[in-house]
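Q: Hi, could you help me read this structure? I'm new to this, so please spell out the terms as we go.

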Amino acid sequence: MSSTRPFIVIIPARLASTRLPNKPLADIGGKPMIVRTAERAAQSGATQVIVATDHAEILAVCAQHGIAARLTRADHPSGTDRIAEVAAALGLAVDAVVVNVQGDEPMIDPALIAATAAQITGEVPMATAAHAIDSAADAFNPNVVKVVLNQAGRALYFSRATIPWHRDGFATSQQELPAAYQPLRHIGLYAYSNGFLQTYPTLAVAPLEQIEALEQLRVLWHGYPIAVHIAAAAPAAGVDTPEDLERVRSFFSAG
């Protein structure tokens, strides 16, 4: 059962990036990437979109473009911790829905944000998204994170491994996917109830999280359910490399 409660979007944005320095400020068709991402998120129906940043330069750029932003502590270990600080400062209700949209997603589908937010209920304090994998290369790629679900559409496990493992099909061939086998690729978009968002930073790091290097496993390890919205298609990729940046620039210049 989905929720129709209002939701807000908080976008964590750090200036440091090993592969693409000053990434949030990269120009895309005359606007910084962080501004493009915030404008895209605003189309989701969110009641509010706020950038959470540790850097005054990002704060200033957001102000120039009319984007709400808050300065946070610089020592947060993750973007989730950063948005939790902002949500707490806003004094949101315990059952308020907060969506974490990464700052390097200027092409994110607004409908995907809304659909993920709608998964939050009184029983399910966290949600994310996934889409079907249609190639063996992706199924066996450890950089493609997979998720398996239970009958209620909640995550059983996330892994870099190929899950579920098709015992008979892969015994025959690992060059193509067996018929009627459809693994799911995890999409890194998260929604939370504010109550759980404030709890998350207090949860101890989980052994599985350390082994797989997947933060969301901490939530499952501690027994909290995660609802998963299944998108009809793969979303547009975010910006991690200079090549990604050029691809996104081409999209906006064509538009």
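Q: In which sense do S1 and S4 pair, and over how many bridges?
A: Strands S1 and S4 pair in the parallel sense over six bridges, where pairing requires that DSSP finds at least two bridges between two strands. Strands (E, at least two residues) and helices (H or I, at least four residues) are DSSP runs, numbered from the N terminus. This is a predicted model, in which local features need pLDDT of at least 70 and side-chain atom pairs count only at pLDDT 80 or more, while totals for chains, interfaces and linings use all residues. Residues are numbered from 1 along each chain as its sequence is written, and side-chain values use heavy atoms, with hydrogens and water left out.

Q: Which residue in S4 is the bridge partner of Ile11?
A: The partner of Ile11 in S4 is Val51, and Val51 also has a bridge partner in S5, namely Ala69.

Q: How does the chain cross from S4 to S5?
A: From S4 the chain passes through helix H2, residues 56-64, to reach S5, and this β-α-β crossover is right-handed; with the strands pointing away from the viewer, that word says that the path from the first strand over the helix to the second runs clockwise. Strands S4 (residues 48-53) and S5 (residues 68-71) themselves pair in the parallel sense over four bridges.

Q: Is S4 enclosed or open?
A: Five of the six residues of S4 are buried, so S4 is largely enclosed by the rest of the structure. Buried means under 20% relative accessible area, exposed means over 50%, and partly exposed lies in between, using a 1.4 Å probe and protein chains only.

Q: And which residues of H2 are buried?
A: The buried residues of H2 are Ile58, Val61 and Cys62. Seen down the helix axis they fall within an arc of 100°, so they line one face of H2; the arc is that of the directions from the helix axis to the C-beta atoms. On the other side of H2, Ala56, Ala63 and Gln64 are exposed.

Q: What covers the buried residues of H2?
A: The cover includes strands S1, S3, S4 and S5, together with helix H1, where contact means heavy atoms within 4.5 Å.

Q: New topic: which residues do ring pairs link into a cluster?
A: Ring pairs link Phe140, Trp165, Phe170 and Tyr181 into a cluster. Rings of Phe, Tyr and Trp (its six-membered ring) pair if their centres lie within 6.5 Å, with planes under 30 degrees apart counted as stacked, over 60 as edge-to-face and the rest as tilted.
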